[in-house]
Amino acid sequence: MHLTREESEMLEGKLGSPVQKSMELLVRFGEIYGAERLTSVSSTHLVGGSIISDGKAAALYVEELANKGGKFVVNTTLDPGAIDPFYWRDLGISEECFRDQLAYSKLYKQLGTIMCHTCTPYDIGHTPRMGEHIAWGESSAVAFANSVLGARTNRESAPTAIASAITGRVPLCGYHLDQNRYGAVKVLVSANLEDGADYGSLGYFVGELVQDQVPVFIGIPPYVNADQLKALGAAMAVTGAVALYHAVGITPEAQTEEKAFGPKRPGESNIIEVDDREIRTTMEKLSTSSTDEVDLVILGCPHSSISEMKDIAELLSGRKVASSVELWIFTSVPVIAYAERVGYKDAIEKAGGKIIRETCPWCWEDRILSRLGHKTVATNSAKSANYIPFYGNDKLMCHFGSTKRCVDAVLSGKWR
Ligand code: F3S
């Protein structure tokens, strides 16, 4: 691989051991994936950040980098952690986990992370522009950055994204290159798509079929919003490994079908049709509960944006969460601050909902939901619905549907 003089000096250790170690990792990866050179990145987002999901070995690695003077040289944000700093006791999180998470987060701060613990950094101002080379982890954020923003990233692991944050470089391969960003599969959508859950179902269905290829959607309505595109990408990254999709007339690299496919033309076997039946079947597949009972409603996977907070606040306004149900909404601190200023936080909390910051259940200690006595969880997120039955050792039941349906369940305690 060709390295510039500065990059060679990094590799030789002239800029210290964290830079050297990071450069070794990037060069190794670049060679494996056939990159001819590295390119500069302007932004990284780190998948990980939870001491529970990442584990002690990751913490030791981050500690070593921090103690040896490692510093992030580009804007770097971080995925959710294992605790809400205020509600952790109510959520059944242990004292040990609380302490370990604070220590782990402190190391990231020392490295120079913009401390946010969110999986939607693009909602809080960490928003790369079209064509910008970045090194992001977190599958839903990668899909959003590549597809909706038109930035360029591969699905980075935690160590490679950290290495990019320390060196400001990434191997020039995969989705950093034009030729790999063209569509490979045509998805003809005639389904009626209204709520984020419809888009999540669409993504869940298509992801399973296309796996790691680039799908091009034709028929997504022009009034689709960013939250719905977020739900689409998050779900495709669950059943497939989709890091980039195009929606003709909507996403920046797909203003026309020709632009989306470039020189590639999908054959007959690479055309998928999706109508209302596929959406309905996928929703049924993700709804594993056979009763109408609900005892917990989870919203905010990926973390809620301010517009999603607005929708929830309006649906709840002046009403009360049923005594048999809990409502948890996951989001970031800046979104909470904004929601507080414009009254959404108050409306949600007065109704009895909990706004939980900087974390999500999938970053927690095992079996917390079951230990808190929850049996049936409702959600508007296909990603959550996929994970709920496999969370911990107890098989939790799930209802999956629109935000409105979830809020109705919060108010009545029944899934209708
Ligand atoms: Fe984000 Fe957790 Fe969902 S990291 S995408 S809220 S599983």
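How many bridges join strand β11 to β12, and do they run parallel or antiparallel? I found 4 bridges joining strand β11 (residues 326-331) to β12, and the two run parallel. I took helices (H or I, at least four residues) and strands (E, at least two) as DSSP runs, numbered from the N terminus, and I let two strands pair if DSSP finds at least two bridges between them. Before going on I noted that this is a predicted model, in which local features need pLDDT of at least 70 and side-chain atom pairs count only at pLDDT 80 or more, while totals for chains, interfaces and linings use all residues. I also noted that residues are numbered from 1 along each chain as its sequence is written, and that side-chain values use heavy atoms, with hydrogens and water left out.

**Strands.** Isoleucine 329 stands opposite isoleucine 355 in β12. From strand β12 (residues 354-357), Lys354 and Ile356 point one way and Ile355 and Arg357 the other, and all are buried; buried means under 20% relative accessible area, exposed over 50%, and partly exposed in between (1.4 Å probe, protein chains only). I then turned to an open sheet of 4 strands, which has the order β8-β7-β6-β9 with parallel pairing. Its edge strands are β8 (246-247) and β9 (271-274), each of which pairs on one side only. Strand β6 (residues 185-189) and strand β7 (residues 215-218) pair in the parallel sense over 4 bridges, and lysine 186 has valine 216 in β7 as its bridge partner.

**Cores.** I used nonpolar core for a set of buried Ala, Val, Leu, Ile, Met, Phe, Trp, Tyr and Cys residues joined through side-chain atoms within 4.5 Å. The largest has 55 residues, of which Ile93, Ile162, Trp328, Trp364 and Leu369 touch the most other members. Helix α4 (residues 95-111) gives the most to this core, with 6 residues. A second, separate core of 37 residues includes Tyr122, Ala151, Val187 and Leu229. For contacts I required heavy atoms within 4.5 Å; leaving out residues up to four places away in sequence, tryptophan 364 touches residues including Ile52, Leu91, Ile93, Trp328, Phe330 and Leu369.

**Aromatic rings.** Rings of Phe, Tyr and Trp (its six-membered ring) pair if their centres lie within 6.5 Å, with planes under 30 degrees apart counting as stacked, over 60 as edge-to-face and the rest as tilted. By this rule I count 9 aromatic pairs. Tyrosine 122 and phenylalanine 144 have ring centres 3.8 Å apart and planes at 10 degrees, so the pair is stacked. Tyrosine 122 lies in the loop between α4 and β4 (135-136) and phenylalanine 144 in helix α5 (residues 139-149), so the pair ties together parts that are 22 residues apart in sequence. Tyrosine 122 is buried at 6% relative accessibility, and phenylalanine 144 is buried at 6%. Trp328, Phe330 and Trp364 form one aromatic cluster.

**Histidine 176.** I found histidine 176 in the loop between β5 (169-171) and β6, where it counts as buried at 2% relative accessibility.

**Ligand.** With a cut-off of one heavy atom within 4 Å, the residues around the ligand are Pro80, Cys119, Glu138, Ser140, Gly300, Cys301, Pro302, Cys360, Trp362 and Lys383. This shell divides into 6 nonpolar, 2 polar and 2 charged residues, where Ala, Val, Leu, Ile, Met, Phe, Trp, Tyr, Cys and Pro count as nonpolar, Asp, Glu, Lys and Arg as charged, and the others, Gly among them, as polar.
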